[in-house]
Amino acid sequence: MGIVKASRLVHEYIRRDEEGNVESIQTALDGLDFDVKAGDFIAVLGHNGSGKSTLAKHINALLLPSGGTLWVDGKDTSDSGNVSAVRRQAGMVFQNPDNQIIGSVVEEDVGFGPENLGIPSEEIWIRVEESLKSVGMLRYRSHSPNRLSGGQKQRVAIAGILSMEPKCIVLDEPTAMLDPSGRQEVLEAVHALNRQKGITVLWITHYMEEVVHADVVYVMDQGRIVMQGKPREIFSRVEELREHRLDVPQITLLAHELNQAGLAVGEGTLTREELKDALVRLYGSRA
Amino acid sequence: MIRDITIGQYYPADSVIHRLDPRVKLMGALLYMVSLFLFQGLAGLLLITVFLAACIGLSKVPLSYMVRGLRAIVALLVFTSVFHLFLTPGEHVLFRFGIVSITMEGVANAVFMLFRLIYLIVGTSIMTLATTPNALTDGLEKALRPLEKIRVPVHAIAMMMSIALRFIPILIEEVDLIMKAQMARGADFENGSLIKRVKNMIPLLVPLFVSAFRRADDLAMAMEARCYVGGAGRTKMKPLRYAKRDYVAYLILAAYLAGVIALRAV
């Protein structure tokens, strides 16, 4: 069993009227099965309403399954005795950086998690320093979060999770409210954590560009995982991705169109350099 | 105008005042307020002025930061001093016009009241400018801990306060944003009668509340995700411990208050 494992995971949002009768049922997760290997960088892609945020909240036991089972680090999240252990192992970063920072000073916010866990003060200081260092925010430790940029705030939020020393971090569209440079900054910080500390990452997004360097990509649509594989495999199925209302990165799209037009540059091209090399291979001798 | 409120705006600096235990600063602010309403005569005012100036100097917070808070209460200042000026009965009449009269006592009262209010705002803003809101609520929490015995949820109150303080600047920014958005759609916040202006606030307040509730929901979830389950079993990153300087500060405060009281008799 991997660090996060789901078996026939179902979640239904049930809307009731004033008398408590069921008005409507909306199935957000519809029988998910997956198994995340510890240390992997998993990207979860899906357009709005595909159920990816609901999934994120399950991994942190903020929502409990309506059916099926989810294990985090071998613990069943629906068992109320496991909630605190699950939240310790699976940290969560949300979309809006302002709404998840509790402290008025960066370091106090990073210390909030360990305080809740009952860690002794001396140890909290060590953890705070280390967490801030690993996201490159140590310089701002005594600043007010209000004066930071979006990307910096989001890195503080990540440090706030790191200080609880989780095995796994779930990021629910962490870049949706950031500008392109902030987006890059957060993505790089999380990749570094994944590489250097071996923390499992579940990166939830609808920006295709962000999943290029992931180990595994899950594509979600209507509460199901409809595609699963390495980024290159996923991106080579351009038509299928479009069916699930996802935009393919421009480079991949260009390579796809070239292939369609009869130039064998190879499907699933992810970066500019790759496409350039492929073109040079084809035409380089003549140029 | 809303931007001028300085309460809850921490000014980071490294000063003696910043390093004092928040309980000392809370007590200090309380005693300072008491002294403002106790003092009589010029000598008392002078002592308070010296004390205030010393605190400002020690805090290393630019004076302009504290004075900014005053702009929000200019109307109140004018109002109270005018009232005191005209409505204080006294023997030494300086000026009389019909039923309106200004007396020597009225002038003195107005001046003292003006000083009181200005000093009150400036003095208490030192506390909030030189203490992180978290330290402040920690101080309150610890100072009020005995109330837990009579089932006052001290921790919950302190947590609510610190969150409120954290979100004040964010909500102020949001008010600005919504105001601009509504003005771009033709809303008018500045003209018309008072009733009309109050009515015009509705398109400002509704979106503000909606967004505040959304933020509260998000924040509650983020706190839960970080294993927050209330005060029980929590440790502190910065536990409050009195240092030598804190005891010294208490002594100075006691001496100051005694001084103000002694000068009353003069």
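This is a predicted model: local features need pLDDT of at least 70, side-chain atom pairs count only at pLDDT 80 or more; totals for chains, interfaces and linings use all residues.
Student: How many helices and strands does chain B have?

Tutor: Read along the sequence, chain B follows the pattern α-α-α-α-α-β-β-α-α-α-α-α-α. Its C-alpha trace spans about 70 × 60 × 40 Å along the principal axes. The secondary structure of chain B comes to eleven helices and two strands.

Student: How much area do chain B and chain A bury between them?

Tutor: The size of an interface is often given as the accessible area lost when the parts come together. Here 29 residues of chain B are in contact with 41 residues of chain A. Of the area buried, 52% is on carbon and sulfur atoms, and the total is about 3200 Å².

Student: Which residues of chain B lose the most area to chain A?

Tutor: The two chains bury about 3200 Å² between them. On the side of chain B, three residues together account for 30% of what that side buries. These residues are Arg166(B), Arg226(B) and Met237(B).

Student: Which element gives the most residues to the side of chain B that touches chain A?

Tutor: Between chain B and chain A, 18 residue pairs are in polar contact. The elements of chain B that give two or more residues to this side are α7 (133-144), α8 (154-184) and α10 (202-225). By class, the residues of this side divide into 17 nonpolar, four polar and eight charged. The element that gives the most, with eight residues, is α10(B).

Student: How many salt bridges does the rule find across the interface of chain B and chain A?

Tutor: Side chains of opposite charge can pair when their charged atoms come close. One salt bridge joins Asp109(A) and Arg226(B), with the closest N and O atoms 3.5 Å apart. Over all chains the structure holds 24 salt bridges. Across the interface of chain B and chain A, the rule finds five.

Student: Why does the pair of Glu107(A) and Lys238(B) join two chains?

Tutor: Glu107(A) forms a salt bridge with Lys238(B), and the closest N and O atoms are 3.0 Å apart. Lys238(B) lies in the loop between α10 and α11 (244-265) of chain B, whereas Glu107(A) lies in helix α3 (residues 106-110) of chain A, so the pair joins chain A and chain B.

Student: What is the volume of the largest cavity?

Tutor: Rolling a probe the size of a water molecule over the atoms shows where empty space is left. A search of the whole structure finds one cavity of 30 Å³ or more. The volume of the largest cavity is about 40 Å³.

Student: Which residues line the largest cavity?

Tutor: By class, its lining has five nonpolar, one polar and one charged residues. The residues that line the largest cavity are Met92(A), Phe94(A), Gln100(A), Ala157(A), Ile161(A), Ala222(B) and Arg226(B).

Conventions. Residues are numbered from 1 along each chain as its sequence is written. Chains are lettered from A and ligands numbered from 1 in the order in which they are written. Side-chain values use heavy atoms; hydrogens and water are left out. On a 1 Å grid over the protein atoms alone, a cavity is a set of points where a 1.4 Å probe fits but cannot get out, and a pocket is an open set with protein on both sides within 12 Å along at least five of seven lines; lining residues have an atom within 4 Å of a point. Grid points are joined across faces, edges and corners, and a volume is the space filled by probe spheres set on the points. Ala, Val, Leu, Ile, Met, Phe, Trp, Tyr, Cys and Pro count as nonpolar, Asp, Glu, Lys and Arg as charged, and the others, Gly among them, as polar. Contact means heavy atoms within 4.5 Å. Buried area is the accessible area (1.4 Å probe) that two parts lose on being put together, summed over both. A salt bridge is a side-chain nitrogen of Lys or Arg within 4 Å of a carboxyl oxygen of Asp or Glu. A polar contact is a pair of N or O atoms within 3.5 Å; within protein, one must be able to donate a hydrogen and the other to accept it, and residues adjacent in sequence count only if both atoms are side-chain atoms. Helices (H or I, at least four residues) and strands (E, at least two) are DSSP runs, numbered from the N terminus.
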